[in-house]
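I begin with the angle convention, then turn to one helix pair and finally to the chain as a whole.

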Amino acid sequence: RSRGLGDVYKRQLLTNKFIAGDDFSVADITGHFMMNISKILKIEIKNNYPNVYRWQLSLENRDSVKIK
């Protein structure tokens, strides 16, 4: 199921900065959580989904996402 979701994110992030367009939204918050689960499922994001990886890194650099 997560691989299918990765494919959806891959398509969305091909032309958008964030999942639902140019602005950060609840879709990105949910997506970030789901992509973190991909680590547990051992799904390779960096090589298989480069746009998703770029997006994930951009979210992790946001002050609102960083763990303090």
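Predicted model: local features only at pLDDT ≥ 70, side-chain atom pairs only at ≥ 80, totals over all residues.

1. Helix H2, which covers residues 26-40, and helix H4, which covers residues 50-60, have axes that come within 11 Å and cross at roughly 110°. The two helices, H2 and H4, are therefore roughly perpendicular to each other, and the handedness of their crossing is left-handed.

2. Which residues make the contact between these two helices? On the H2 side they are Asp28, Gly31, His32, Met35, Asn36 and Lys39, while H4 contributes Val52, Trp55, Gln56, Leu59 and Glu60. By class, the residues of this contact of H2 with H4 divide into four nonpolar, four polar and three charged.

3. As for the overall architecture, the secondary structure of the protein chain consists of four helices and zero strands, so that the order of elements, read from the N terminus, is α-α-α-α.

4. On overall dimensions, the C-alpha trace spans about 30 × 25 × 20 Å along its principal axes. The radius of gyration of the protein chain is 11 Å, which agrees with the value near 11 Å that a compact globule of 68 residues would have.

5. Buried residues make up 29% of the 68 residues in the protein chain. Among contacts with a separation of 6 or more, 58% are accounted for by residues 24 or more positions apart.

Technical notes
Residues numbered from 1 in each chain as written. Heavy atoms only, no water. Axes fitted to C-alpha atoms, helices over the stretch in contact; angles between N-to-C directions. Parallel < 35°, antiparallel > 145°, perpendicular 65-115°, else oblique. Left-handed = near helix turned anticlockwise from the far one by under 90°. Contact = heavy atoms within 4.5 Å. Nonpolar A, V, L, I, M, F, W, Y, C, P; charged D, E, K, R; others polar. Rg over C-alpha atoms; globule rule 2.2 N^0.38 Å. Buried < 20%, exposed > 50% of the residue type's maximum accessible area, 1.4 Å probe, protein only.
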